[in-house]
Amino acid sequence: MGSLRNVGVVGLFGYTILFFTFIYLPIVLIVAYSFNSDPINMMNWSGFTFDWYRQIFGLKNTVSENALYIESTEQLLNALRNSLTVAAFTTTIATVLGTATALGLYRFNFLGKKFYRVLLFAPMLMPDIVLGIALLIFFVGAGVSLGLKTIVIGQCSFLVSYVFIVVSARLAGMDRSLENASADLGADEWTTFRRIILPQAMPGVIGGALLAFIISMDDLVITYFISGVDTQTLPIFIFGMLRRGIKPEINAIATLMLLFSFAVASLGLYFRSRRG
Amino acid sequence: MGAHIVQLERATKAFSLPEGGTITALQGIDLDVERNEFLTLLGPSGCGKTTLLHAISGFVQLDGGKVRIDGEDVSDRPPHRRPVNTVFQNYALFPHMNVGNNVGYALDIAGTERKERNQRVGAALELVGLAGLENRLPRQLSGGQQQRVALARAIIARPKLLLLDEPLSALDRNLRQAMQIELKTLQAELGISFIFVTHDQEEALTMSDRLAVLNKGVIQQIDTPRTVYDRPTNAFVASFIGASNLFEGTAARSGGNTLVATADGLQIEAACSGGWKPGDGAAATALIRPEQFSLVGAGAKGPTIGIDIEQVVFTGLNFQIHGHTPSGRKIVAIIAAVRQADVASAEADGKARLGYDPAAVHLLPADGTQAAAEMAA
Amino acid sequence: MSASTLRGRRRTQLGILLGPASAFLAIFFLCPLLIMLVYSFLEPGLYGGAEWAFYPDNYGRILGFANPEFEDYDPVYIAIFLRSLKIALITVAATLLVCYPAAFQISRLPDRWKNFALFLITLPFFASLIVRLFIWVLILKKTGFANMVLTGLHIVSHPLELIYTEGAIIVGMVYVFIPFMFLPVYASVEKLDWSLVRASQDLGANGFQTFWRVIFPLTLPGVVGGSIIVFIPALGNFIVPAVLGGAKVMMLGNLIEQQFLGARNWPFGAALAMLVMAAVLAILFFYIRFEARRGDDAPVLR
């Protein structure tokens with residue numbers, strides 16, 4: 001009977017290894033094949049090359065036998081620039097609004113507080129396509145031209161929720177008696193906020209900002225609907241590439257994006273583990 | 001099937017430590033548990049008593065040796081197939097089931113027919129004094145009530161023996177003492193053996209038919225509480241159970257008695273009446289329990305020890321006198337509260353003369369295992 | 001300082017803190033949703049946009065009954081809705097089956113490994129969705145990795161049609177949603193009091209009985225929470241079916257996208273979106289009732 005128990009234990013462990021393999025195998029493949037020199041069939045390994053990376057950085061102009069290059073490096077860089085611009089704005093706005101709201105709910109009790117909290121959760125629970133088209137109708141109806149501005153506004157409508165949740169969680173774990181101690185020692189409200197509450201909440205604020213940044217960079221659906229014809233962000237660019245035909249550089253782009261995301265995420269998670 | 005409900009034969013178990021290396025929790029233990037007895041396993045934390053319990057219930061697989069329950073070798077059987085039930089330290093009541101379903105769990109698993117199952121649940125609850133509480137949830141009950149539910153749940157399946165893992169440690173003092181009596185009564189009523197684990201020696205002394213003292217994976221002594229208290233086999237048992245004054249020294253025969261001469265010049269007289277008799281010149285330790293001392297005057301007959309008093313503590317039932325000999329050896333004496341006047345005058349003096357009866361002195365070998373071997377012979 | 005000025009100051013502070021976000025959400029979240037609701041009842045204009053006329057036939061068309069003067073009964077939209085529902089439910093079940101055993105195993109690891117494992121699982125969540133999906137195109141297509149392995153190991157004689165099927169969509173969605181399901185389930189599994197498992201075994205229950213009667217019920221909150229977090233985006237998803245389903249397998253999301261950016265029938269698209277909303281609200285309604293009945297523990301979504 002002991003052996004049956006052991007089989008179960010080994011089986012479960014083996015399954016977990018498979019689980020992680022399932023998650024990471026595609027990623028490993030992408031990275032590996034970004035060095036594949038075969039331009040036509042990306043899954044057919046025919047040699048190691050840095051060409052695709054060079055192509056992205058504009059250091060080399062290979063004309064492949066494959067399809068016409070509708071997308072040039074210029075477009076890719078443009079999309080990247082847009083993504084970063086949007087992310088910069090949305091992160092700032094969402095962090096400020098989300099933090100302020102979290103602080104407000106932390107400090108004060110008022111009628112309808114529970115209902116308000118639910119309202120703040122709502123954008124996260126909404127399927128993004130619903131939100132996307134609602135915003136589209138709204139902007140067009142209001143006569144606003146679609147572009148970077150609308151992307152920023154649209155993304156903020158749900159990023160505020162994310163930041164709110166992260167900062168709220170951080171504030172919830174704070175020791176309230178510290179505020180009392182500060183007041184007892186003679187600090188007024190603003191000073192207490194500046195010297196006690198804000199520094200303590202900072203890891204949460206930064207965590208929320210990082211989260212907002214990453215989600216903004218990655219957002220596809222909502223941006224898709226409210227970006228209009230002329231403006232592209234990086235995810236939209238790749239999405240377009242997928243629909244129009246896959247170019248070999250896409251592996252390299254994807255690998256770089258993965259590296260970037262992982263770096264930012266590791267930073268964020270490292271930060272969170274430090275706050276203890 | 002024989003007089004023993006549980007037999008452990010050379011049970012051995014070692015655990016590997018997270019920082020490397022192993023710790024041997026059970027060192028080849030032999031244990032025979034009688035039918036219908038209340039046996040307590042007592043010892044400091046890490047002594048192996050919980051491991052021993054788990055070896056019987058099946059949550060620990062022995063590295064070596066066997067476990068027999070009612071004659072059957074169950075060493076390879078998983079817990080759910082052993083005719084033993086456990087009352088867990090934290091009760092382990094299923095929070096998502098009400099009291100009735102908790103208690104009836106074993107019967108539900110076995111597929112007992114509904115009517116009989118409900119009947120037996122009701123009977124079990126009545127037995128522990130919780131009749132009618134089938135529909136309550138565990139979190140709605142007090143600690144004492146939860147404990148009884150855990151009991152009812154464990155006995156309903158009519159196990160051949162019941163294991164209790166420090167079940168009373170979470171209760172406050174008064175409730176604890178009440179439960180001790182109830183458990184004793186329950187054991188007598190059910191007629192099955194209870195193996196009870198505790199680190200509280202007072203509990204062990206009051207409840208057990210037999211008491212096993214464990215240390216470092218070895219049973220130091222197993223006997224009736226009285227015997228373990230009066231005649232501990234080694235210094236560990238002596239100091240673990242009750243307070244003790246231990247005098248290590250060299251033995252010398254003198255008439256029918258033995259004198260133990262300590263390094264700091266004391267001579268303890270022991271009348272040898274059964275038990276271990278050290279040879280002349282052998283290393284021996286004399287044990288005098290604090291309550292065996294009495295306050296005597298200067299011209300008293302019989303052996304005495306003189307002390308300077310450090311502190312006198314009044315505990316309600318008696319006086320504890322803490323003092324030391326001129327050579328600095330610490331002595332504790334317990335004097336009954338009625339002798340208040342004697343204690344007061346000794347305290348005023350700052351000194352006391354403690355007399356004792358040589359027949360009450362117990363001799364231990366300086367090395368513990370020696371006595372066990374000789375006593376077994 | 002008198003009480004009224006103190007209260008006044010507090011109210012000002014509250015206003016400053018909550019005001020901007022509230023205004024923002026009111027204008028850019030609630031407002032658009034309301035407008036969408038209104039739109040779904042409008043008549044589609046001839047060249048896109050909408051006419052200001054009450055037009056219930058958008059919903060009618062979903063059910064298959066549009067204006068009987070111009071259109072015949074066409075249940076295609078119901079079919080798409082049901083297919084989306086089916087795929088979303090299968091996705092939830094599959095993701096749960098995939099995540100549960102792993103959550104179990106990881107919760108039994110020593111602390112250092114536990115944290116590392118959690119880190120590894122949440123890390124892909126931060127990588128771009130589109131990148132994670134595109135990998136599956138390369139894996140599942142006819143000349144892709146999967147077929148390479150299958151034909152290479154001679155398990156099949158010629159490449160299989162893996163991509164552009166419902167199965168491909170489900171695999172893609174499971175892959176994408178694993179972090180969403182894993183964390184709530186793991187939180188529940190980790191809180192499990194292992195002494196309850198031992199108690200169950202002690203009372204005679206074998207492995208399966210212990211799982212079904214003790215472990216699963218106690219981890220149910222996490223399971224339900226994770227299921228909802230996966231179901232909602234799965235139902236209205238349009239990227240995964242777009243990338244892995246191609247034109248062949250259409251879900252609600254694709255349909256909505258088509259109405260807005262293709263057919264330019266915005267009112268109908270809005271009506272379809274309302275359908276998705278309705279399904280989501282129904283689920284949330286049942287979830288809240290489920291939580292209320294359970295009583296004490298806080299909702300998993302928090």
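Let us start with one pair of residues: B:Leu161 has B:Ser193, in strand β8 of chain B, as its bridge partner. Strands here are DSSP runs of E with at least two residues, helices are runs of H or I with at least four, and both are numbered from the N terminus. Please keep in mind that this is a predicted model, in which local features need pLDDT of at least 70 and side-chain atom pairs count only at pLDDT 80 or more, while totals for chains, interfaces and linings use all residues. Residues are numbered from 1 along each chain as its sequence is written, and chains are lettered from A and ligands numbered from 1 in the order in which they are written.

Now widen the view from that pair. Strand β7 (residues 161-165) of chain B runs parallel to β8 (residues 193-198) of chain B, and five bridges join them. Two strands count as paired if DSSP finds at least two bridges between them. On β6(B), the partner strand is again β7(B), in the parallel sense and over four bridges; here B:Val87 stands opposite B:Leu164.

These strands belong to an open sheet of six in chain B, with the order β6-β7-β8-β3-β9-β10 and mixed pairing. Its edges are β6 (84-87) and β10 (218-223), each of which pairs on one side only. On average, neighbouring strands of this sheet are turned by 20° against each other, direction ignored (the axes are lines fitted to C-alpha atoms, for helices over the stretch in contact, and angles run from 0 to 180 degrees between N-to-C directions).

Are the faces of β6(B) covered or open? In a regular strand the side chains alternate between the two faces of the sheet. Both faces of β6(B) are covered, with B:Val84 and B:Thr86 buried on one side and B:Asn85 and B:Val87 buried on the other. A residue is buried if 20 or more other C-beta atoms lie within 10 Å of its own, exposed if 12 or fewer, and partly exposed in between, with C-beta atoms placed from the backbone.

Stepping back to the whole of chain B, you will find 11 helices and 20 strands. Of its 377 residues, 38% count as buried, and its C-alpha trace spans about 80 × 45 × 45 Å along the principal axes. Chain B is divided into domain 1 (4-235) and domain 2 (243-376), with bounds from an automatic or database domain assignment. The C-alpha centres of these two domains lie 38 Å apart.

Next, the nonpolar cores. Such a core is a set of buried Ala, Val, Leu, Ile, Met, Phe, Trp, Tyr and Cys residues joined through C-beta atoms within 7 Å. The largest has 158 residues, and A:Ile133, A:Ile238, C:Ala103, C:Leu133, C:Phe134 and C:Ala273 touch the most other members. Helix α7 (residues 166-190) of chain C gives the most to this core, 17 residues. Another core, of 101 residues, lies apart from it and includes B:Leu130, B:Leu162, B:Phe194 and B:Ala284.

Finally, chain C has its own features to look at. Chain C is divided into domain 1 (1-34) and domain 2 (74-294). Helix α11 (residues 252-261) of chain C is mostly covered, with eight of its 10 residues buried; among them are C:Leu252, C:Ile256 and C:Phe260.
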